[in-house]
Amino acid sequence: MADVTNVFKATVKALRTRKKATGDVTKNSQTFTTILPSSKLKGDFEKKSKEVVQNISKLKDFLMEHRKAYVSTGSHLSAETSTMTDSERDQIDEEAEKVIHMCQTSVALIKNLNGSQHSQVKEHRTAVIRLIEDYLKGVCKVYSEQRAVRVKRVVDRKRLSKLEPDKLFKQRRANKQPTFSENTNQSSRQDQSTSEGDRSPTKSKKATSEEKMEEEEEISTEEAQMFERENAALFEEMSSVSEEEKDIDRIEQVVVGSTENIKEGNEEIRQAMKNSAGFRVYILFFLLLLTLSLLFLDWYNG
Amino acid sequence: MASSLREKQILALKRMLNFNVPATKATTTEPQWKVLVYDRFGQDIISPLLTVKELRDMGVTLHLKLHSERDPIPDVPAIYFVMPTDDNIRRIGQDFQSQLYETYYLNFISAISRQRLEEIASAAIHSNCVSQVSKVFDQYLNFISLEDDMFTLRHQDRDSISYYALNKGDVKDTEIEHIMDTVVDSLFSVFVTLGTVPIIRCPRGNAAEMVAEKLDKKLRENIRDARSSFFTSDNIQAGQFSFQRPLLVLLDRNLDLATMLHHTWTYQALSHDVFDLQLNRVDIEESVESRTPAGGVVKKKKTYDLQPFDKFWQAQKGSPFPAVAEAVQVELDSYRTQEGEVKKLKAAMGIEGEDESAISMLSDHTAKLTSTVSSLPELLERKRLIDQHTNIATALLEQIKARKLDVYFETEEKLMGKSVLDQSLMDMINDHECGTPQDKVRLFIIALLCGPPMSDAEIDQYLIALTGANCDTSALSYIRKWKAYTKMTAAPSQYAGGGTKTVGMFSKLMNQGSQFLMEGVKNLVIKKHNLPATRVVDALMDMKSLQDVDDFRYFDPKLLRSDSSGIPRNKSPFQEAYVFMVGGGNYIEYQNLVDYAKNKSNAGAPRKVVYGCSDLTSATQFLKQLERLGSEN
């Protein structure tokens, strides 16, 4: 809090003049040689480690300088053109990676230098190396964040571009979703998520979709093949599923018919039982009548 | 915007470690490595403030003690953080001679005298390394900040300024002068670090008065010296808009001895009393059952750091022990739910991870992944803290059960509050299961000091009982003498208003399913009562007039004339107070002051009370000092 360096220096001067005054001539030559700060021969370790730190700082400055242009999030609609072409970005990436690699090798070199020393010196150097590594890590993080932002944007753009022609097809598929009740977990979740995933980007990027149509050519052939294969697989699955549906319909109809038949059969049986019951009644009545008439005739005759 | 004393000290330390250039906030700055050399005072100051990791992050590769064997490490700047004593200066001269480091940044904890500066200068000239001494600084950091609102003066050297040293029978004037100077120097550093000039109040006729006079003089001299004053408006940072000056209350330990021996019930105070919390660190012996063929129980010693960044500790350190147990349980539950969420996420991730087609899904998952990954270390840290507190609380509980500390606490509270005792004192002393002999002596001393007045015959009776229970009664003779000397007829009134309500709540706790088996430990609800120190501070801050306080002296270093009549000129109540206890303090007083400040501050006027003491003495240590005092004559 209180800088007494000046007081110290003044004291030193005072002491020196006092010494000179008391005639310390013999020490003069020594003082002359040591008034200038002695340029000590810096050890290898020190030199190299300072070099590495400087390199890393240079890299950091370099990245920071171009960061704004690199990460330019110029809105798609406005006329702001990104001030950096992709080739420039690639160049920056390459150079940054080269520097990082170089720094890593130098750090490894320094580690080798830290061989057999006194324990305190060794501890100190190990700590120094760790500090340098942390610094390097920090700068690498900056670099990778930048890159991640760029990659993400590229990926988003690609996804959006392949969205346009397939938009209708996917929406039709999305409508069929609720009717399938026996889909495997994988396929249903896949579909749902793709349709969901597509719905949200479509919502957010509808305005930009017209512009993106122009970038269809960017779909590489590899990706087109992959998508074709996926489409074929999906189509097969769909067809097998529709066959099963037809079977189910048929069976349902048959079942319905048979239930009706059974119902009718029941009715008829009931009817038959009723009829037979009535017939019996008549027969019994007739027999009774005959018996009574016989008895009457018998009585009448004699 | 007022940052606390502790934060200011940390800032000063960081600036010092940055070669005395104010530290700028850059995201990744070039590492500048350095070696830190300290003496034991420096060690005590730095250790509660900066962890080794933080030191490493600031570029300190090695931290070494001044008086140890140090090897020359070329091409490295060295930062010294030492007291300007003769020994240290001689050692620094030796270092210059052996050309240990490349450049030297000398930071003296308190101001270095002219003479000693000349010694260093001549040593530097002699070894031809004047150019290597880059900076010499007076840091004025001669105090140890333990919490945001608590500081002490000494840790490793505490015996020199303890209560015993001040009050022993054969104390010489020079010794007293020396102690006073140390205390004044440290208090001066406190106010330099804060950048404000306080108004000083102190009682008459004891050590506190001497300290106040000296401090007033020192502050006055410094303010008059316009060139190098620390208290000019430039030094006060822009953020400090407190137009009111703080109040410094200097108190002497003789005001209240009972608090030092009191058994306590709050978490932090308990850890200090039972486990000797030193510099925010606790050592606990845990018995771990080992699986060796020999079997048996192995006692392991574990060290725990109780730092201000531990949110649970900050919230719970002042709460009574059962509340702490519950809080640990709550924390554990919330941690488990969070852990469960993470596990669910992991499971969900596992199944859906098989899909590779949709990139949108992937980005969703990466977002979830990154959030989980970043929250994982937090969770682990939380778990570690919960484990730590669980262990401490369990160990505390064992001790409480073994020594029946809850019974002691209750009895003492009743004594201090003048209520009727459940168990008579004699029974407690004769009870063999209850507590160590020291606990009994403590209880009896409190009874002597605050309880109903006892006749000499009664006291002798108790003495016999105590010696029967293996207690050392020399402390008692000192207390009797002290009581007679200070004529503590006023004492009983000071503790009035206290008292506890014992609620036998162990059944409720059992039902709550707390993992701590609290049977037998009563849940004591502490009714807020004010200790004498708090009472005094309250009266002074609010300009009330209490019988003892009216007699206090008044010092204002900013006044042109030293007003020896001591009439308080300031009529408005103070919002900020620094309470300093000469002769030792403890966490109970601190906690009481904190509670008082919380109660008294309403939304518009936050009241800040900072507690300081010459050293933190636990009850056992204080009892030892009393015993020494008693056995002297």
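Thr534(B) touches Asn592(B), Leu593(B) and Tyr596(B), leaving aside residues up to four places away in sequence, where contact means heavy atoms within 4.5 Å. Thr534(B) sits in helix H21 (residues 532-541) of chain B, helices being DSSP runs of H or I of at least four residues and strands being runs of E of at least two, both numbered from the N terminus. With a relative accessible area of 1%, Thr534(B) is buried; buried means under 20% relative accessible area, exposed over 50%, and partly exposed in between, with a 1.4 Å probe and protein chains only. The model is predicted, so local features need pLDDT of at least 70 and side-chain atom pairs count only at pLDDT 80 or more, while totals for chains, interfaces and linings use all residues. Residues are numbered from 1 along each chain as its sequence is written, chains are lettered from A and ligands numbered from 1 in the order in which they are written, and side-chain values use heavy atoms, with hydrogens and water left out.

The side chains of Asp542(B) and Lys600(B) meet in a salt bridge with an N to O distance of 3.1 Å, a salt bridge being a side-chain nitrogen of Lys or Arg within 4 Å of a carboxyl oxygen of Asp or Glu. Because Asp542(B) lies in the loop between H21 and S14 of chain B and Lys600(B) in helix H22 (residues 587-600) of chain B, the pair ties together parts that are 58 residues apart in sequence. Lys600(B) is partly exposed, at a relative accessible area of 33%.

S14 (residues 553-555) of chain B pairs with S8(B) in the antiparallel sense over three bridges, two strands being paired if DSSP finds at least two bridges between them, and in S14(B) the bridge partner of Ile200(B) is Phe555(B). S8(B) also pairs with strand S9 (residues 247-252) of chain B, here in the parallel sense and over three bridges, with Val249(B) in S9(B) as the bridge partner of Arg201(B). In a regular strand the side chains alternate between the two faces of the sheet. In strand S8 (residues 199-202) of chain B, Ile199(B) and Arg201(B) point one way and Ile200(B) and Cys202(B) the other way, and all are buried. Thr196(B) has its place in the loop between helix H7 (173-194) and S8 of chain B, and at a relative accessible area of 15% Thr196(B) is buried.

Of the 302 residues in chain A, 24% are buried. In helix H7 of chain A, Arg250(A) and Asp247(A) are three residues apart and therefore separated by about one helical turn; they form a salt bridge whose closest N and O atoms are 2.6 Å apart. Arg250(A) counts as exposed at 52% relative accessibility, whereas Asp247(A) is partly exposed at 37%. Elsewhere in chain A, a network of salt bridges links Asp90(A), Asp93(A), Glu97(A), Arg147(A) and Arg150(A), and a search of the whole structure finds 36 salt bridges over all chains.
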